Amino acid sequence: MYIDEVIVTDVRSKATDNEIKADQEDSPVVPILPLKGTIVFPYLIVPLMIQDAEQTRLVDDALMRGSRIGLFLQQNTDVEHPAPEDLYQVGATGNILKMLRFPDGSVRFLIQGLSRVRIKRIVSRHPYLSAEVEEVREKVDDPVKMEALQRSLMDGIQKLVELAPYLTEEFHISAHNQDSASKLTDFVASNLNIPVEKKQELLEELNVYRRMNRLFQMITKETEVLELSQMIQAKAANELGKSQRDYILREQLKAIKKELGDGDDKSDVDEFERKIEAAGMPETAEQAAYKELDRLSHMAPSSAEYTVTRTYLDWLVSLPWSKSSQDKLDLKRAKKILDEDHYNLEKVKDRILEFLAVRKLKSDIKGPILCFVGPPGVGKTSLGKSIARAMGREFARVSLGGMRDEAEIRGHRRTYIGSMPGRIIQSIKRCGTNNPVVMLDEVDKLGSDFRGDPSAALLEVLDPEQNDSFSDHYLEVPFDLSKVMFITTANWMEPIPAVLRDRMEVINLPGYTDIEKLAIAKEHLIPKQLGNHGLTKSNVAIEDSAIKTIIDGYTREAGLRNLEREIAAVSRKVARKVASGSKKKISVKAADIPRMLGPVKFVREGLTRQGTIGVVPALAYTAVGGELLFIEATSMPGKDTLTLTGHLGDIMKESAQAALSFIRSNAQELRVSAESLEKKDIHIHVPSGATPKDGPSAGITMVVALASLFTQRPTRPCLAMTGEITLRGQLLPIGGLKEKLLAAYRAGINMVVLPEGNRKDAIELPPEIKKSVKLKFFSEVLPAVKFALNGPRERSKSKGKKPAKCKKR
């Protein structure tokens, strides 16, 4: 590897002996450069590369001072910043000859070894290791013995050069020109293909004769290994020749059988030809298949290309080009199946029934592209299976969560080893029909990197105007996806690219109310978990009060996953009693739940924080549904600054600043004294500081919190609010209304302040929310603030009384 450099080294070392002696007489304290996987021997020039900033500084300091450095091998290459105990104690000093810096921050330099040294003591550890070293002297034996061993070593080197492909004749010449046995052993050891630990042993060996003897043993072993390797290669070549001879004989035998009329009718070519005719491919695909079949017929079965072409043809003939499942267009039957599998979700059910109705009237309608958006656990994925069952179609699910490679969608080109079609084509092959229901799960969790962007590849798949000629990189022929019913699912719309959102019909699946959860638990979850745990209705009866206790105190979610887990936990407790010999029917009541599931996990925050000045409930919309959070405001003497805490995003911070500006500009209208606004530091905090929060919908809540703080009046009891504000006092509409009102309903809130622009969205709210939660709509901020705060008359009447309690649900 370093032959040319070593030849230069020999000339340089002869010319600079005095310089090397002078270097050896320098200060015994040298900086230490740890080496990974390489060793520098005395008198040899070795190229090195470093990237560590600490090591770069070491090299720079050594160059500036013109001093030598210590080169010591690391015992463990996995250690990034080795301590003194991680280094071998014997190494070499070196002199930097040339250095180059590269744009990536790495430094490459040539270093010449000077002498063997041993670490006496560590002088410093910062900014890099420095140590006091002492030169170790070599020991030379009887010159006659040395000469004999040196000649044997040279003979072994010559034989090794003839066998080893990595050693050239120039290496042998350079070895022959070494002027001492010590330099010869160091030179050969540096270029020999042996483990670095063996090289370290040679570096530490001070007796030149023993060192040369060890090296001779290593050369002998390497020579034996290379001779055996050549023998194996020769044998393998003979075997290959035998295989070729056998192939020729088999081909001759095949020709003889053909002449005798005993040919094999079931050859691969004939079988594929029959399958291509029966596959019902479109003309383009059929032409490609016959072209590949013609290539296959001229290939040797033992060639690698034969297997690749055969696999490609197998994919082509296995795809359902013209095979479709018969849709079951009985609308009453479809509605019955959808109602059996899922409670409520009328929007989705109506959309599927509408598609079946149109399909009944027009048979060549293209498959819809639906996107179910909602929090986890509301039944998006299971709804896809139910739709497939109702329509009588096959079902396939493709998980997109964490996918980063475009080839997962479009497939790999056949030039790559182990290539295959993308997940879409694979799913259609598994289904065996060209019109299945394909669910693309978690489309909002797609990633992208240097391998491509899968969401961009989905643009063609999910476009009804383009997917009738979808081209997979592996197939390289168009496949019609227009008959496939694609359903995507997502928890959150924002991460999905706008151009992809535009191709999908979005159907929102909001969270369930407590009444809906109770009904679902009774109709679906409890029977399912009793069956999973070997129980029947004769063993156990879970009362409605127990289910409500679980929903209220042990789950805090928009979906049903945690509720199902808690019901499973109750079922396990009951199963244990039944398995222990209990013959009575076990009735699970509300009072039994804490004993079975432990203490209550969640407490309704809205029930405990009423009538506090400067604290106002707000409603937020997250990926897991609606949430109730509190905006807290306080003030203190200071320099008129605003502090915002609670892991708030930029938009929410701007809302707080707009709220404060609105209060200042409308202080007289709100009866806020000028003294309370001057020379005061204001602090707004949103609890649950570990959770990131952002969005403009808390604007009205921040205005009311500040107004409550400055007027020293609490808000109405059991009141929450949401809405975006402007500096001119407008109250703008917000999104996620149903999810937010579900959160208010679960928290026991009975009145919510909303923007006037959201009045139209209230039409689709569940009946229990309309009945239990009173909605107050405002188009301007000032009337909303005045309504939210208790008036002086109301405040005087309530003096001495406890704040009104919210009705717990």
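Colleague: Why does Cys371 count as buried?

Modeller: Buried means under 20% relative accessible area, exposed over 50%, partly exposed in between (1.4 Å probe, protein chains only). Cys371 has 0% relative accessibility, so Cys371 counts as buried. The model is predicted: local features need pLDDT of at least 70, side-chain atom pairs count only at pLDDT 80 or more, and totals for chains, interfaces and linings use all residues. Residues are numbered from 1 along each chain as its sequence is written, and side-chain values use heavy atoms, without hydrogens and water.

Colleague: How many disulfides are there?

Modeller: A disulfide is a pair of cysteine sulfur atoms within 2.5 Å. The count here is 0.

Colleague: Which residues of helix α16 are buried?

Modeller: Helices are DSSP runs (H or I, at least four residues), numbered from the N terminus. In α16, residues 423-431, the buried ones are Ile424, Ile425, Gln426, Ser427, Ile428 and Cys431. Cys431 counts as buried because its relative accessibility is 12%. Gly432 follows α16, with a positive phi near 80 degrees.

Colleague: At what angle do α12 and α14 pack?

Modeller: Two packed helices are described by the angle between their axes and the distance between the axes. Axes are lines fitted to C-alpha atoms over the stretch in contact, and angles run from 0 to 180 degrees between N-to-C directions. For α12 (residues 331-341) and α14 (residues 380-391), the angle is about 155 degrees and the axes lie 9 Å apart. That makes α12 roughly antiparallel to α14 (over 145 degrees).

Colleague: Which residues of α12 and α14 meet?

Modeller: Contact means heavy atoms within 4.5 Å. Arg333, Ala334, Ile337, Leu338, Glu340 and Asp341 in α12 meet Ser386, Ile387, Arg389 and Ala390 in α14.

Note on methods. Helices (H or I, at least four residues) and strands (E, at least two) are DSSP runs, numbered from the N terminus. Angles under 35 degrees count as roughly parallel, over 145 as roughly antiparallel, 65 to 115 as roughly perpendicular and the rest as oblique.
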